[in-house]
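The following paragraphs walk through part of a predicted model. Please keep the sequence and the coordinates at hand while reading.

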Amino acid sequence: MNQQITLRPFTREDAPRMAELANNASISQNMRNAFPHPYTRENALEFIGMANSMDPVTIFAIEADGTYVGNIGLHKAEDVYRKSAEIGYFIGEPFWNQGIASAAVKQMVEFGFETLNLKRIHAGIFDYNQASARVLEKCGFEKEGIARMAVFKGDQFYDELRYAIIKA
């Protein structure tokens with residue numbers, strides 16, 4: 001598809017749609033446990049408030065052709081890791097397999113390297129989330145390794161696939 005993908009700050013008006021898209025077990029199973037399930041409008045409003053209070057703002061809404069479809073963010077590290085950040089994202093299930101995640105990740109990497117002056121952006125994904133692995137690989141991330149049995153989700157252990165991209 002040839003959609004216009006935009007990253008923008010959140011508005012309070014995003015909360016109902018965010019809650020609708022995020023309240024999905026197929027999404028929460030790929031997220032850390034801090035991502036609630038069920039996901040309510042109140043969860044969305046709290047998240048929007050947190051994201052918009054950051055300085056600088058590093059978590060954004062993803063729009064496809066003017067429609068809110070998900071979230072993406074960079075979480076900067078500290079101390080000797082301060083030139084690195086972890087990327088995280090989700091796309092609402094009705095918008096999967098349309099190239100939206102790849103377009104958003106590419107924009108976020110550019111933002112991280114150019115605006116935040118990062119050297120390294122990394123991601124850790126659960127081994128069963130092959131769609132996210134493909135997104136990262138399409139965006140130039142390289143698999144750095146596998147952290148064996150590093151994830152405990154839903155009373156089960158999983159490997160974590162570690163990916164990174166380095167600013168040339």
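I146 stands opposite L161 in strand β7. This pair belongs to the contact between strand β6, residues 142–153, and β7, where 8 bridges join the two strands in the antiparallel sense.

Residues 120–126 make up β5, residues 156–166 make up β7, and the two run antiparallel with 7 bridges between them. One point of reference in this pairing is G124, whose bridge partner in β7 is R162.

How exposed is F157 by its relative accessible area? The value is 48%, and F157 therefore counts as partly exposed, because the class of exposed residues begins over 50% and that of buried residues lies under 20%.

Helix α4 can be described by its span and its buried residues. The helix covers residues 100–114, 15 residues in total, and reaches 21 Å from its first C-alpha to its last. This is close to the 21 Å expected at 1.5 Å a residue. Buried positions are found along α4: I100, A101, S102, A104, V105, M108, V109, G112 and F113.

Note on methods:
Residues numbered from 1 in each chain as written. Predicted model: local features only at pLDDT ≥ 70, side-chain atom pairs only at ≥ 80, totals over all residues. Heavy atoms only, no water. Pairing = 2+ DSSP bridges. Helix = DSSP H or I, 4+ residues; strand = E, 2+ residues; numbered from the N terminus. Expected span 1.5 Å × (residues − 1). Buried < 20%, exposed > 50% of the residue type's maximum accessible area, 1.4 Å probe, protein only.
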